[in-house]
Amino acid sequence: MNKQQLAAKIWESANQMRSKIEANEYKDYILGFIFYKYLSDKQTQFAIKEGGTQKDIESLSEDDAETMEHFRTNIGYFISYNDLFSTWIAKGRDFDVSNVRDALSAFSRLINPRHRKIFDGIFDTLQTGLSKLGDTAGKQTKAISKLIHLIKDIPMDGKQGYDVLGFIYEYLIGMFAANAGKKAGEFYTPHEVSVLMSEIVAHHLRDKKEIQIYDPTSGSGSLLINIGQSVARHMDDKDNIKYFAQELKINTYNLTRMNLVMRGILVDNIQTRNGDTLEEDWPYFDENDPVNTYNPLYVDAVVSNPPYSQPWNPSHKEADPRYARFGLAPKSKADYAFLLHDLYHIKPHGIMTIVLPHGVLFRGGDEGKIRRNLIEQNHIDTIIGLPANIFFGTGIPTIIMVLKQKRDNSDILIVDASKGFEKVGKNNQLRASDIKRITDTVIGRSDVEKYSRKVSRDEIRENEYNLNIPRYVDSSKESESWDLYSSMFGGIPKNEIDELHIYWEAFPSLRKALFSDINAQYVELNVNDAGESIHNDPDVINFKANFSGAFDDFDKYLKKRLIAGMERVSLGKEKALLSDKIFDRLSNIPLIDRYEAYQILDDDWNIISEDLEMIQTEGFSAVTQVDPNLVIKKKEGKDQEVQEGWRGHILPFELVQETLLKNEKESIAIKEDRLLEIAGEIESVLESLSEEDKDRDAVNEAGDGFAGAALKKECKQVKADMEKGERFEDDSYERKILSVETLLDEEASLKKEIKAETAALHLKTKETIEGLSDNQVHDLLERKWITPLIDSLHKLPENIIDNLTSRVRTLAEKYAVTYKDLEAEIHETEESLISMMDELTGSEHDMQGLKEFQTLLRGK
């Protein structure tokens, strides 16, 4: 399984296992055990690296003080062999909940003092929560045993260049957040929002050699980690990034520490603190050595997603340096308190991004004063309006604010990105193209119609420092209007044709080819088939040719980058490089939305990068590997994992069959088509029977798709009668039932053949993959990675032309029927109805009623 499949499998099982335990609680248990497995495996790997044998590992004990101290000094902790995660698994039925309690207690006792800040109490949430997994020791043991066996296959070998562990940890946090309701906001920022903030911050810090980043409301630590990963792509050494995190809730604080450690970040580069950010600000210092550890903490970037509009205590904080220059946030809403805290901690050339509710842009009172001070002192750089319902547990509209201590410009870039998203389940989610569009707009400080605008400080002053996005950027769609003249007399208003100006600029001759003037202000469509005329227009043909020319050799470029260089390509940087190449090729092509092209790249890159990760980690032979196809099935009332055939580790069976086993696949397809024909023929024969014959048992059996006893008995009798010389008409019941029997026999035979051939093809596909030559592998990877990408890109011009065709036809149809035409049609219908009424008869009162109705229809 790749990492996505493994993560999904673990989540599905964990979600079933948690039973009635809240998702928000259960996450602490499974993630705690994953972290313990990580520490156990890391110690084992260190022992092997130091030359230790399996026997040496099995002898690890607190009794060997020298060895224990060696481990504590080098990795910060020590775990005896009996307490290793792998030992728990090896115990089998002898495993007991007491093994976990003893191990966690020993871990806390044996932490190296130098690492105590990062590890101390890190398993407290897990330890105290064990009792919730069952009301007896036996039930707890059973629940924990299931859980540790569920996660035992997560690879944590340092040889894996791709971060399987980190991916699974992040995946599980996201899934638990999706199921945790309102409590999700306590520990999770959606990955897409983290990526967006990360890209903005990373660009600002791209030239720095050493970087410090800080999240004062760190939750699970995912936002901080995403920032670090984005920044690291611009650096030679990721170990030059230092991470600072503060979190109020102890269980969430533990998640932060676990997440940071498991990402391979040097312990010396991690500074974490459990405390109330607004009440217990840095400067940081170790209570045991306050003088030598004093750190006022000014960093290069602060990122945060604090709790929205929560109450706080501003008493006695007037002199607090974080707030003194700007003012105190009202006690009912701490939003600006968090913002000012973040701003205080960035260096003069640093940057901060913060997620806040939309209300901070326009609420008055103390918040209005703070906002005014921030604007006048030139700290607010960018405001990004996000889609509603993008965060788990709340549907309120949110924004990202970007602030800096020092800026070269005095305007504020306002971006309304609220319309760009896709619906995923109950929530809205930013797509890769949405993130790219926002990031490019922010980095380029671009003015984009109905999307973004740089607003001067003078204009903001005129609006009394109200930063509500719709005041400056109107992203609403124009409401449809109807031209009165065209509605009465026909024709299309020229001003509505003008709204398609981007198309007329790209295709200069097309407008005149499609429309002719009625008068100075109105035109009519002068072609019978708008679609055909548009597709055959010389400018349109040239547009498609230019696009094809721009991407003519792109497949060769991709083959060189991704297939010839598959074992060397940098996964962290390659998508950005390919994106730049696509944007370059589109630079002279009008109308094409380059972000639509980017989304196509991202959709395919998700598949390509997964495969490349496995190839680079496991070697080229991974492509010709075939794995058991494991599925969950009920067995004796329990869900059990069983093998159901095989599946390609990288190459899908379907692709291999379509490419290299066409004849075998086609043979099955022909038989399957014949099965459909047979079903239709049987249905046709049965439908032709009389109602009386349809009630016969034999017919009911045939209708159910099998030749049962009644059908066989009747057919046998008919055949016997025929042998005796009795003749039946072709349209008789007897002839029809014989034909049904023949068809059912053919159907049964075909089903057996299809089953046998399918099984044979499945095994042959397995053997084919395992025996592929290098050239065949390259060809199949091209078909999987490159062909779909190229095909999707080449659909972009057609999509543009189809959209134009649709809009032209809509305009023509809009005014095709005038009000006068409608009035005439209504009048004709009324006269027809009146005429039909004249032919009706009835009682005296009926006729009086009809006469009055006729009068009304005539408008009298």
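Trainee: Why is leucine 591 called partly exposed?

Mentor: Its relative accessible area is 22%. Buried means under 20% and exposed means over 50%, so leucine 591, at 22%, counts as partly exposed. Keep in mind that this is a predicted model.

Trainee: Where is leucine 591 found?

Mentor: Look in the loop between α25 (571-586) and α26 (594-618). Leucine 591 also has a positive phi of about 75°, although it is not a glycine.

Trainee: What is the phi of arginine 445?

Mentor: Arginine 445 has a phi near 45°, which is a positive value in a residue other than glycine. You will find arginine 445 in the loop between α16 (432-444) and β11 (452-455).

Trainee: How do you know whether arginine 445 is buried or exposed?

Mentor: Compare its value with the cut-off. The relative accessibility of arginine 445 is 16%, and buried means under 20%, so arginine 445 counts as buried.

Trainee: Which residues is threonine 217 in contact with, leaving aside its neighbours within four places in sequence?

Mentor: Among them are Gln246, Glu247, Ser304 and Asn305, together with Pro306, Pro307 and Phe338.

Trainee: Now the helices. How do α35 and α36 pack?

Mentor: Helix α35 (residues 819-838) and helix α36 (residues 844-857) pack at an angle of about 165°, and their axes are 10 Å apart. Angles over 145 degrees count as roughly antiparallel, so α35 is roughly antiparallel to α36. Their crossing is left-handed.

Trainee: Which residues of α35 and α36 meet?

Mentor: From α35 come Glu830, Leu833, Ile834, Met837 and Asp838, and they meet Leu850, Phe853, Gln854 and Leu857 of α36. Sorted by class, this contact has six nonpolar, one polar and two charged residues.

Trainee: What makes β12 and β13 edge strands?

Mentor: Start with the sheet: three strands form an open sheet in the order β12-β14-β13, with antiparallel pairing. Both β12 (492-493) and β13 (515-517) pair on one side only, and they are the edge strands.

Trainee: How do you know that β12 and β14 pair?

Mentor: Count the bridges. Two bridges join β12 to strand β14 (residues 522-525), and pairing needs at least two bridges, so the two strands pair. For example, tyrosine 522 in β14 is the bridge partner of proline 493.

Technical notes:
Residues numbered from 1 in each chain as written. Predicted model: local features only at pLDDT ≥ 70, side-chain atom pairs only at ≥ 80, totals over all residues. Heavy atoms only, no water. Axes fitted to C-alpha atoms, helices over the stretch in contact; angles between N-to-C directions. Helix = DSSP H or I, 4+ residues; strand = E, 2+ residues; numbered from the N terminus. Parallel < 35°, antiparallel > 145°, perpendicular 65-115°, else oblique. Left-handed = near helix turned anticlockwise from the far one by under 90°. Contact = heavy atoms within 4.5 Å. Nonpolar A, V, L, I, M, F, W, Y, C, P; charged D, E, K, R; others polar. Buried < 20%, exposed > 50% of the residue type's maximum accessible area, 1.4 Å probe, protein only.
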